[in-house]
Structure formats: structure tokens, C-alpha cells
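Dear colleague,

Please find below the structure that I promised to pass on, together with its sequence.

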Amino acid sequence: MSSRAPASAPTQINPNPILAPPHIHALLDRLHAKSEAQEREITSADYAQDKGDFDALMRDKFIALDRDKCWFVYSTILSMGAKNVVEAGTSYGVSTIYLALAVSQVLEMQNKSKSGSDSRSATGKVIATENEPSKAAQAREYWNEAGDQVASLIELREGDLRETLKRDLPTVDLLLLDIWSPLALPTLQVVQPSLRPGSVVITDNITGSAARYADLIRYLNDEKNGFRNINVPYNKGLSVSVYVGKE
Ligand SMILES: C[S@@+](CC[C@H](N)C(=O)[O-])C[C@H]1O[C@@H](n2cnc3c(N)ncnc32)[C@H](O)[C@@H]1O
């Protein structure tokens, strides 16, 4: 018997896990393409964060989370059954669309698998954060274009996230840190009291920006702060820190 697979057999798993209607796939393709085109234009010197004009340089830039990292975060939310997600750094809301899709699908799974005696619907949301008003306004337009499945699950908090995340957080299942590196640790410390044991903190560019993340990395590595960390080796790294609770 031949062990060769028939010519039509797939040879690799489909790497894109996103279940979404065609117009959302098209929107995401368009937004990632814009973000990637902008990033090709920015030089590494422009990225030096100690330049006074860094915020001005970034005011109209997407700097969206890489597509494969978005796929990973989406799958993580589905696997954990995460219902309440905080996104630190929303920009034009590209990664937020993935977060909202994933949360909507978790809620759908949980509502389907409910026992007959439980009449309450599962609820959840994505808390997005952006301090640049023009980005916040455009993000809302993209979410509306995605439609109700996405837009209805997003609560956008406008302003400095070190203030806007201080109040009214639900128990948080997942925190995505996709924010300027000096803000990452302060953001984590604002959200940490709302994390539950087993929740997850995902940090972008953890190896690419390791020097700038020194304080965050020191904090995550210190066992007494309650995190168990692993780096997923995407471009420039993506760390996954599981919160097991403080000692
Ligand atoms: C890397 S981008 C986020 C990209 C987004 N997650 C995506 O994948 O589309 C970081 C964003 O954080 C915003 N930001 C910077 N400082 C902030 C602050 N103090 N409070 C809220 N947002 C802030 C920036 O304006 C920028 O748009």
C-alpha cells in the first residue's frame, strides 16, 4: 500500500484560525496592509522612544499587532473561555476586532452549552484604551464597519489608560499589553488587582524591546508577583504570563 498522500490532501494546517464573515476578513486585510505599509516607511531611528516627538510621530500610525500574533491571541481567548479582556493600547482598533470576535465566540459557546435550568446569558466585553482622540474616533468607525458582533462588545475608554483603567474593571481574564514600553508595568499594576488566578497577560515585542521593558521583565520574573512566563517566538517575541496569584 502506498503511504503517499493523495495530491489533493492538505499538507499543513490552516494557520489562520479566525472565524468571521467575509467583510470582516476583508476589513482586517485592508487594515493590516495599511499598518504594514506605514511601518515600512518608519526608520529605526524614528522609533527611538526617548525622542521628544515620539507621540507626534505615532499620532497617525496604526502599529497594529502582527497578524500571526492576533491569531495567537484570538486562539488563546477561545481556549481559555476568556470573557473579559482588557487591551492596553488600541490605536485604530485592529487587534481589538480579533479580541471582540473571540469574546463573542466564547459567549456563544458558553450560551450553547448551558444547562436547561440556567436561564442567564453569559456576558463579557473588551475594554479598549486609547488617548489619541483621532485614533479613537476612527477605531469606532472601523468597528461599526465590522458590525454589531464586534462593535457591541467593545467599551472604549478614552484618555490616559493609567487613569481610565483605575475604575470599574470586571474580573479580567486576559490583558493584552501592546503599549509604549514605559507604560507597560504601570498598566499591569493598575489591572493586576482585577486579574483572577489563571488569567493571562500577553506582552508584545518582549524580546525586541527587552531593554526598554527591563522593569516589566524584572517584575514578571519575580516569583512573588505571581506570574509564570513563557516567550512565544514570534517576530520580536510575544510573552504569555499566567497569573497564579500573589504569594
Ligand atoms: C502599539 S499601539 C496599539 C496597537 C493596537 N493594539 C493594534 O494592534 O491595532 C499603542 C497605542 O497606545 C496609545 N497610547 C499611548 N500612550 C497611551 C496612554 N497613556 N493611554 C492610552 N493609550 C495610549 C498610542 O496612542 C497607540 O495608539
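A backbone N or O atom of G89 lies 2.8 Å from a nitrogen atom of the ligand, a polar contact in the sense of a pair of N or O atoms within 3.5 Å. A backbone N or O atom of L161 is likewise placed 2.9 Å from a ligand nitrogen, and for D178 it is an N or O atom of the side chain that lies 2.8 Å from a nitrogen atom of the ligand. The protein buries 96% of the 610 Å² that the ligand exposes when taken alone (accessible areas by the Shrake-Rupley method with a 1.4 Å probe).

This is a predicted model, in which local features need pLDDT of at least 70 and side-chain atom pairs count only at pLDDT 80 or more, while totals for chains, interfaces and linings use all residues. Residues are numbered from 1 along each chain as its sequence is written, and side-chain values use heavy atoms, with hydrogens and water left out.

Around the ligand there are 20 residues, of which L65, G89, S95, E130 and D178 come nearest (a residue being near if one of its heavy atoms lies within 4 Å). This shell divides into 9 nonpolar, 6 polar and 5 charged residues, with Gly counted as polar and Asp, Glu, Lys and Arg as charged.

The ligand sits in the largest pocket, in that more than half of its atoms lie within 2 Å of the pocket's grid points. A pocket here is an open set of points on a 1 Å grid over the protein atoms alone, where a 1.4 Å probe fits, with protein on both sides within 12 Å along at least five of seven lines, and lining residues have an atom within 4 Å of a point. The volume of the largest pocket is about 1,200 Å³, as the space filled by probe spheres set on the points. Of its 48 lining residues, F54, I63, D178, I179 and W180 are the closest to its centre.

I63 also has a positive phi of about 45° although it is not a glycine, and K236, another residue other than glycine, has a positive phi near 65°.

With best wishes

Note on methods:
Polar contact = N/O pair within 3.5 Å; in protein donor to acceptor, adjacent residues only side chain to side chain.
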